Amino acid sequence: MCGDRRDAGCGLADGTHVKLGNQKNGQDAVITNGVAMLPGKNAFAESVCTADRCVLTLIHAGVPLTDAVKLMSTIRVCIIGVKSKGALEVGMDADIYIFDDRIHIAMVFVNGVQAHG
């Protein structure tokens with residue numbers, strides 16, 4: 001899932017060809033219906049769900065906004081064992097998404113610095 005870093009396929013249009021993982025030895029994939037698929041389109045390659053899409057999906061499923069944000073951020077990094085993310089505290093990475101009133105990403109900060117693009 002796109003969260004801690006900008007994954008190769010996040011937010012790209014259907015039909016876009018990407019290389020997932022290592023650019024030299026990574027897996028070729030194509031974005032199909034918002035999902036990274038293997039070139040034969042017979043299997044999923046990776047999630048390309050953006051943070052805002054994760055939160056919106058949870059909200060549409062009936063999860064309250066605060067719980068949806070917690071699931072997308074804090075709980076997710078605990079499950080995968082990342083110690084430097086998931087909280088705004090001294091010593092943490094300070095990767096931050098700021099949503100607008102429609103839960104679309106308005107700004108992104110990586111290591112406390114606003115990302116552009």
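Of the 117 residues of the protein chain, 24% count as buried, meaning under 20% relative accessible area, with exposed meaning over 50% and partly exposed lying in between (1.4 Å probe, protein chains only). The model is predicted: local features need pLDDT of at least 70, side-chain atom pairs count only at pLDDT 80 or more, and totals for chains, interfaces and linings use all residues. Residues are numbered from 1 along each chain as its sequence is written, and side-chain values use heavy atoms, with hydrogens and water left out.

**Fold and dimensions**

- The protein chain contains 2 helices and 7 strands, taken as DSSP runs numbered from the N terminus (helices: H or I, at least four residues; strands: E, at least two).
- In sequence order, these elements follow the pattern β-β-β-β-α-α-β-β-β.
- Along the principal axes, the C-alpha atoms fill a box of roughly 45 × 35 × 30 Å.

**Nonpolar cores**

- The largest nonpolar core has 8 residues: C49, A51, C54, V55, L56, A68, M72 and I103. Such a core is a set of buried Ala, Val, Leu, Ile, Met, Phe, Trp, Tyr and Cys residues joined through side-chain atoms within 4.5 Å.
- Helices α1 (51-60) and α2 (65-80) each supply at least two residues of this core, and α1 gives the most, with 4 residues.
- A second, separate core of 6 residues includes V18, L20, A36 and V48.

**Two residues with positive phi**

- I103 lies in the loop between β5 (96-99) and β6 (105-110), and its phi is near 65°, a positive value in a residue other than glycine.
- I103 counts as buried because its relative accessibility is 13%.
- Leaving aside neighbours within four places in sequence, I103 is in contact (heavy atoms within 4.5 Å) with D52, V55, L56, I59 and L65.
- N111 is found in the loop between β6 and β7 (113-114); phi of N111, a residue other than glycine, is also positive, near 55°.
- N111 is exposed, with a relative accessible area of 52%.

**Surface and charge**

- The protein chain exposes about 7,500 Å², of which carbon and sulfur atoms supply 57%; accessible areas come from the Shrake-Rupley method with a 1.4 Å probe, and for residues only the protein chains shown count as cover.
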